[in-house]
Amino acid sequence: MVQKSDFRRVDKYIWELPKSFRDDMRVPARLFGDAELFDAAFRDRTVEQLINTATLPGLVKYAMAMPDFHQGYGFPIGGVAAMRLDTGVISPGGVGYDINCGVRLLGTYLEQEEIAPYLRDLTAALYRACPSGVGGKGRVRVSGRELDALVTQGAKWALKRGLAQPGDLVHTEEGGCLPGADPSKVSARAKERGRPQVGSLGAGNHFIEIDVVDEIYDPQAAEVFGLWKGQVAVQIHCGSRGFGHQVCSDYVKRLQPVVEKYGIQLPDRELVCAPVDSPEGRDYYGAMACAVNYAFVNRQVLVMGVREAFEQVLAGKVKDFGVFQVYGVTHNIAKFEEHEVGGRRMKLCVHRKGATRAFPPGHPGVPEDYRDVGQPVLVPGSMGTASYVLVGAHKAMELTFGSTCHGAGRVMSRRKARKRVRGDELRRELEEQGIIIRAGSMKGLAEEAPAAYKDVSRVVEVVHGVGMARKVARLRPLAVIKG
Amino acid sequence: MNGRFEEIEHTADIAIRVCGRDLAELFANGAYGMACQLTDPGEVNQAHFDEPSRAVELSIELEAYDAETLLVAWLEELLYLGEREGCVFTDFDVLEVTPARLRAIVRGGPVREYWRHIKAVTFSDLEIVHTGAGYETTVVFDV
C-alpha cells in the first residue's frame, strides 16, 4: 500500500513517486498539489490509478496528475501521459468515454445590470434552446452521410451549415477539427446514437452557465481575450454524447484481446491499449478523432442556441446582444503533439484525461490574435462557485507536456453527496444567493453540490504557483442550467 | 451484502458490488443494480401494471471474449436498448450464460424521471470472482 512517505517533494507543489516503488512502473509518477491536495490523493484510489498508468509502454518522463485529480477509471482524472510513437501505446481508457468533453467560454457586450431584469427569461430561453437531460435529442438532425462529413470536418462542417461564425473556429482548440478522423472505423451503433443528439447538453456534470466577470488578475491578457470586469459571459460544458461513449466502449471491448497479442501486461483492464503504430491503434485514433469532431460540433451548435436565446430575450432591450467566442478547450483526448524531451523535439501521443491543454505565448497552436499572451485555459468551478480563465505559460511545456487542470475535481462520492444534500434545498440555497438554477433531476443536482468538489481557487493557486498557467479573470455564476 | 447488489464508494462515478449464486444470477443482479442507479424500478413495474401497452420486452443474444467482457457487453446492451426504446429494463430472465455467450429476455418500461445518466460501463477493476457462495464482482459506471 502506497504511503505519503513514499513520495519525494520535488518542489512546493510537485510530489514524485520513484519508479522503483513498484516493479511494473516504467516511469516515476508525479502529483501536482499543495500539502492539503496531496493528502486528499490518499483518500481514494487516485495514487493507485496513477501508479497503474505509469506502467504503460512507451511513456515519456512521468505519469502525471494535475491538482484537480481524483479517482476515475483506468487513469485518474487529471491524468496526463505522453507516449513515444515508436514504442508507445494509445489507450481508449486513457481518454475516457466522453471523448472531447470540454468547455466553451462566450463573451458578450453586456454588463450584469443590463440583463438583470431579464435573467430569468434568459435562463428559460437557454433551457429551451439547448436541449438537456438523459437521452435528450439535439437541435440538429443529420443523415448518415451528413454525420460522416460532420465527424470528418468538425466545426468546418458547422460553418458550412451556418451553425458557426468564422471567429468561433479560430478560437477553438485545433480550430474545431482534429485531423485523421476516419468514419469507417466507427461502428454503426455509434453513428445511430450520434445522429439525433447533435446540439444537446446531456446530463451529469454538464452545464450551461451565465456568469459575470467579477475579478481581473491580468488586465493585458483579459483585454486580448475580450474580457472586462462586470461583463456577462456564458460557459458551456459538454462532450460527444452517445457517439463518443459508444466509440470508447467499442474500442475498450475490441482491444481486450489485442493487449495479449502485443504482450502488454496491464494492472487494470480499463487501461487497455494498442501500440500507437499498429492497425488497432490507428483504427482507434481514427474513430476517436471522429468523436472529438462530433463534440466540437455539438458545443458549436449549442453556441448557436445561446445566440438564439440572447436574441430572443434581449433584442430591442439592450444595445448589443451579440455573443462571441473567447475560446473552446477540450478535456478528454489523445493528440499528436511536438514536445521537447531531453533537448530534442519529439512527436508524442499526449493523453489528457480530465486535463486541459495550456500552450504558452508564442506557441504556433495558439490562435494568432492570442499568441502574444498564450492560450486561454478555462477552469469551471463547482456549481454556484467561481470559475477561472487562465492563460497557458511556459512551465506547462517544461513540466506537463503543455497541460494543466480542467476544473475543481471531486472529493466526495455521489452517494455521500446525496446523503448530505437535498437537491431542492440546494436549489433554494443557491437561489437565495441570487443564482438561478434549472435542473433536470433533483438527485442529479444534489450529486453536483459544491461540497462534493475541491475548492477551485485552491486548485488554481497551485497551477498559478507552479507556472503552468496564470490567472487572468474570475467568473461568478448568475444562472446555471444542469442537464 | 444485503440483497442483490450494494453501492460502494467512488469519488466521481458509481460503483456497485454484485453477487449471484451462479453466473445467470450475477448477470441479472448486475442489470438490476444498474437499473436502480437510473430510476426507481418500482415505478417501472407500477407503470407496467397501469399501462401494459407501454411495456417493452426484448430478447438479447451476445457473444464476447471472456466473462468480464460479456458482463460489460450485457450491461451496455441494456443501456443502448433503453436509450433506443426510451425505457429502463428492470426484469431479467437470463436463459443461458457461459463465459463467452449469453441469451436473455428483458422487460422494462418508460420512466417519469431519470435520476442520472450512465455514459458507459467500465472495465475498471472488473474481475468476476468465484466465491464459496457463487460469484461476485464490482462494476464501475461512468456517469
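Buried area, to begin with, is the accessible area, taken with a 1.4 Å probe, that two parts lose on being put together, summed over both. For chain A and chain B that comes to about 3,500 Å², with 47% of it on carbon and sulfur atoms.

Hello everyone, a word on what we are looking at. This is a predicted model, where local features need pLDDT of at least 70 and side-chain atom pairs count only at pLDDT 80 or more, while totals for chains, interfaces and linings use all residues. Residues are numbered from 1 along each chain as its sequence is written, chains are lettered from A and ligands numbered from 1 in the order in which they are written, and side-chain values use heavy atoms, with hydrogens and water left out.

Let's stay with the interface. Here 42 residues of chain A are in contact (heavy atoms within 4.5 Å) with 34 residues of chain B. How many salt bridges does the rule find across the interface of chain A and chain B? There are 10, where a salt bridge is a side-chain nitrogen of Lys or Arg within 4 Å of a carboxyl oxygen of Asp or Glu. Glu83(B) and Arg193(A) form a salt bridge, with their closest N and O atoms 3.0 Å apart. On the side of chain A that touches chain B, the elements giving two or more residues include helix 8, helix 14 (414-420) and helix 16 (442-447); helices here are DSSP runs of H or I, at least four residues, and strands are E runs of at least two, numbered from the N terminus.

Now for salt bridges over all chains, where the total is 57. Lys191(A) pairs with Asp148(A) at 3.4 Å between the closest N and O atoms. Lys191(A) sits in helix 8 (residues 188-194) and Asp148(A) in helix 5 (residues 144-153), so this pair ties together parts of chain A that are 43 residues apart in sequence. Is Lys191(A) buried or exposed? Lys191(A) is buried at 17% relative accessibility, whereas Asp148(A) is partly exposed at 27%. The cut-offs are under 20% relative accessible area for buried, over 50% for exposed and partly exposed in between, with a 1.4 Å probe and protein chains only.

Over in chain B, Arg17(B) and Glu6(B) form a salt bridge at 2.8 Å between the closest N and O atoms. Arg17(B) belongs to strand 2 (residues 14-20) and Glu6(B) to strand 1 (residues 5-8), 11 residues apart. Arg17(B) is partly exposed at 28%, and Glu6(B) is partly exposed at 27%.
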